[in-house]
Amino acid sequence: MPENSVSADLQTGSDKMVEWTDFERDTIKDIFSRIKYDVVGPAAFARCLVVYPWTQRYFGGFGNLYNAAAIKGNPMVSKHGTTIIHGLDRAVKNLDDIENTYTELSVLHSEKLHVDPDNFKLLADCLTIVVAAQLGKEFTGEVQAAFQKFLAVVVSSLGRQYH
């Protein structure tokens, strides 16, 4: 499968099953075995709320989100960030069926919480930055490609209910 067809299929909502190379599978599993969930999750989620302040509207119950320091020090932000990473762990364990793995979360975010599906992409971008910072030189272009392919599949699956 040509590389570009994966992103094109994801953007168009194609029902084709995503094909993973052994390198991609191994890389994704390796990343999640090495990151500290309680560090990476909160950092990525806080970064998303700081960089894209309009995403804060879904978290009014989280209390003080008035500035970057408040967001980074907010225990509810930290807890939700860790929850997000544990949610991604479900996809790692179900690489061949991510779409069905996230059916309930897609329904929850679209029908109950009314989250703009573009926010999943914004969070994925923030997560990529945080993971790259943690892995340093080991986050090569090939590793990034595998990680971003994984996140694109997750984002597409979470947004499935909106299509």
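Angles under 35 degrees count as roughly parallel, over 145 as roughly antiparallel, 65 to 115 as roughly perpendicular, and the rest as oblique. The model is predicted, so local features need pLDDT of at least 70 and side-chain atom pairs pLDDT 80 or more, while totals for chains, interfaces and linings use all residues. Residues are numbered from 1 along each chain as its sequence is written, and side-chain values use heavy atoms, leaving out hydrogens and water.

**Exercise 1.** Work out how H8 and H9 are oriented to each other.

*Solution.* 
- Step 1: find the helices, which are DSSP runs of H or I with at least four residues, numbered from the N terminus. H8 covers residues 118-135, and H9 covers residues 141-158.
- Step 2: get the angle. The axes (lines fitted to C-alpha atoms over the stretch in contact, with angles from 0 to 180 degrees between N-to-C directions) cross at roughly 155° and come within 10 Å.
- Step 3: apply the cut-offs. H8 and H9 are therefore roughly antiparallel.
- Step 4: see who touches (heavy atoms within 4.5 Å). Among the residues in contact are Phe120 and Leu127 of H8, and Phe147 and Leu151 of H9.

**Exercise 2.** Decide whether serine 157 is buried or exposed.

*Solution.* 
- Step 1: compare. Serine 157 has 4% relative accessibility, so it counts as buried.
- Step 2: check its partner. The serine 157 side chain reaches the backbone nitrogen of glutamate 99 at 3.5 Å.

Key:
Helix = DSSP H or I, 4+ residues; strand = E, 2+ residues; numbered from the N terminus. Expected span 1.5 Å × (residues − 1). Buried < 20%, exposed > 50% of the residue type's maximum accessible area, 1.4 Å probe, protein only. Polar contact = N/O pair within 3.5 Å; in protein donor to acceptor, adjacent residues only side chain to side chain.
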